[in-house]
Amino acid sequence: MIEIDREHPDYKRQAITWRMYRDLYAGGQQFKHRAAEYLLRRQKEPLDVYGERLQRAFYQNYIGSIIDWYAATLFRRAPSLQMEGGLQSGRRFLANFADDCDQRETTLAAFFRACFTDALVAGRSHILLDFPKIPMVVNNRAQEDAAGVSRAYVVRYQAEDLINWSLNERGDYDWVVLRQSMTRQPEVDSAELIRETYWFYYDREEFRTYRRLEGNGEPNPIELIGQGPHSLARQNRVPLLPCNSARDCG
């Protein structure tokens, strides 16, 4: 383990609570899978009786229904964008961004609705502003547009993804560390599953991306796989924006 995997004390304190909030919101099999964490064993209760209680456990998910209803009501009407003046290229960019803000064909309204739902469940959400990374060097705006480098997009991160950070005296981020993991099957005829964990470090000028692969054997060491200036380097600002309320998320 290297320093990039260090967790903030506030993160350690809230991680279990966030997982409980996710379980209570999702309900269903996700809640039942961890029923033992919420349905405690009685004193001197036989294990087989306790196991049967766990199997029969039922959770009436009012929380999920209330949050989804509130989000659906607030975003019942998609916001309308009215663009006046300025360059035609700027208006075209904003129109395309509203239709596909994350390069996954998600509308801006749907994106902020998901951020708002995250904020209701866990108390906060995060939005990262970024630009596509390409291996070539572009020299002017026309080349940027042709290569797609100028196509800014946003990425939604849940509260649990931000594992470490530092704030300045104004409460703004000086640097942040985001962590995400995924499990994949490398080949169609392979029984081995590989777990990939990524760390994304951002300060006011640059980003660094780290990765660790874990298979059936010992996990590989964490390696640096990318670095450079980020989207808001010229503004000297960390490109991660908080979404803690309806005002922040829409």
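Which residues lie nearest the centre of the second largest pocket? In this predicted model, they are Arg-104, Tyr-153, Val-155, Tyr-157 and Gln-180, out of 23 residues that line the pocket.

**Second largest pocket**
- The second largest pocket holds about 620 Å³ of space.
- Two or more lining residues come from each of helix H6, strand E1 (125–130), strand E2 (153–158), strand E4 (173–184), strand E5 (194–203) and strand E6 (206–214).
- Strand E2 contributes the most to this lining, with five residues.
- The lining of the second largest pocket comprises 13 nonpolar, five polar and five charged residues.

**Largest pocket**
- The volume of the largest pocket is about 760 Å³.
- Its lining consists of 20 residues, and those closest to the centre are Phe-131, Glu-144, Val-149, His-230 and Ser-231.
- Helix H7 (141–147) and strand E7 (223–229) are the elements that each supply two or more residues to the lining of the largest pocket.
- Sorted by class, the residues lining the largest pocket are 11 nonpolar, four polar and five charged.

**Nonpolar surface patch**
- A nonpolar patch on the surface is formed by Trp-69, Tyr-70 and Leu-120, which together have about 340 Å² of accessible area.
- Leu-120 belongs to helix H6, which spans residues 108–122.
- Leu-120 counts as partly exposed because its relative accessibility is 32%, a value between the 20% limit for buried and the 50% limit for exposed residues.

How values were computed
Residues numbered from 1 in each chain as written. Predicted model: local features only at pLDDT ≥ 70, side-chain atom pairs only at ≥ 80, totals over all residues. Heavy atoms only, no water. Patch = residues over 30% accessible without salt bridge, like charges linked within 9 Å, V, L, I, M, F, W, Y side chains within 5 Å. Areas by Shrake-Rupley, 256 points an atom, 1.4 Å probe, with all protein chains shown as cover. Salt bridge = Lys/Arg side-chain N within 4 Å of Asp/Glu carboxyl O. Helix = DSSP H or I, 4+ residues; strand = E, 2+ residues; numbered from the N terminus. Buried < 20%, exposed > 50% of the residue type's maximum accessible area, 1.4 Å probe, protein only. 1 Å grid on protein atoms, 1.4 Å probe; cavity = no way out; pocket = protein on both sides within 12 Å on 5 of 7 lines; lining within 4 Å. Points joined across faces, edges and corners; volume = space filled by probe spheres on them. Nonpolar A, V, L, I, M, F, W, Y, C, P; charged D, E, K, R; others polar.
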